[in-house]
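Subject: A structure for you to explore

Hi there,

Here is the structure I promised you.

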Amino acid sequence: MLRIVPYPHPALRYESRPIATINDALRARVREMFDLMYAAKGIGLAANQVGLPLRFFILNLSADPGKPEEEVVFLNPEIVKRHASIEGEEGCLSFPGLYSQVQRARKVRVQAFNLEGQPIDIEAHDLFSRAIQHELDHLDGNLFIDRLTPDLRDKVETKVRTIESGFRKAQAAGEYPSDAEILRELGAIAATGAVPSVGEAS
Ligand code: ZN
């Protein structure tokens, strides 16, 4: 079972590896990720937010499971061009209840592959552009709290610590393995470049 992991689960700081294989396990996990994302009322989710250290993320800007035509899957995405800069509000499913203003490129050109293995090459604006940059940051182990101005970072510090202590308590209660064990599991998955079949992953 996949679940969205909160900060500071080590998967969130893991630099994800490219996807080497599009297989049934990947398709199944993508479906599960959309379901988790809708349940959490999010518009985007990166693979490492569910403990998969692989370079892919999903988006549905409508956040509406009734609009599957707006679902987009980006495999091995790369931003090849950034234009201008704009501030806007962001949240993150790994930081429940935390929102802040973040500076991002206004427009990006992104190249990736879809689940059918076909190349994607799009120019994204506004919320679409912001969401792509946020999710792609995840794949590099970067988080939106890293991009806050010092003033704004101070403002959310208490909330960040609350989320952090929540994770550590859950870990102490055995809901998550130790950081060392998590890192070992992440390394094993990353080395294969593929999503483990159900039952293989812990
Ligand atoms: Zn996020």
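Predicted model: local features only at pLDDT ≥ 70, side-chain atom pairs only at ≥ 80, totals over all residues.

Residues are numbered from 1 along each chain as its sequence is written, and side-chain values use heavy atoms, with hydrogens and water left out.

A63 has a positive phi of about 55° although it is not a glycine. With a relative accessible area of 24%, A63 is partly exposed. On this scale buried means under 20% relative accessible area, exposed means over 50%, and partly exposed lies in between (1.4 Å probe, protein chains only).

N60 is also found in the loop between β2 (56-59) and β3 (72-83). N60 counts as buried, at 0% relative accessibility. Leaving aside neighbours within four places in sequence, N60 is in contact (heavy atoms within 4.5 Å) with F34, M37, Y38, G42, I43, K67, E70 and E71.

H134 is buried at a relative accessible area of 8%, and H138 is buried at 0%.

**Helix α2**

How many of the 14 residues of α2 are buried? The count is 11, so α2 is largely enclosed by the rest of the structure. Among the buried ones are S129, I132, E135 and L139. D126, in contrast, is found in α2 but counts as exposed, at 58% relative accessibility. Phi of D126 is near 50°, a positive value in a residue other than glycine.

You can check the length of this helix yourself. At 1.5 Å a residue, the 14 residues of α2 should span 20 Å, and the end C-alpha atoms are 21 Å apart, which agrees. The expected span is 1.5 Å times one less than the number of residues. After α2 comes G141, whose phi is positive, near 80°.

**A pocket beside these residues**

α2 also gives the largest share of the lining of the second largest pocket, 6 residues. That lining has 22 residues, of which I43, E90, G91, C92 and Y99 lie nearest the pocket's centre. β4 (86-92), β5 (95-104) and α2 each supply at least two lining residues. About 380 Å³ of space lies in this pocket. A pocket is an open set of points on a 1 Å grid over the protein atoms alone, where a 1.4 Å probe fits, with protein on both sides within 12 Å along at least five of seven lines; lining residues have an atom within 4 Å of a point. Grid points are joined across faces, edges and corners, and the volume is the space filled by probe spheres set on the points.

**Helix α4**

The buried residues of α4 are I182, L186, I189 and A190. Seen down the axis of α4, these fall within an arc of 100°, so they line one face of the helix; the arc is that of the directions from the helix axis to the C-beta atoms. The face turned away from the buried side carries the exposed residues A180, R184 and A191. What covers the buried residues of α4 includes α3 (150-172). Just after α4, G193 takes a positive phi of about 65°.

**One last thing to find**

A cis peptide bond joins Y7 and P8, with omega about 0°. Look for P8 in the segment before α1 (24-39).

Enjoy exploring, and write back with any questions!

Note on methods: Helix = DSSP H or I, 4+ residues; strand = E, 2+ residues; numbered from the N terminus.
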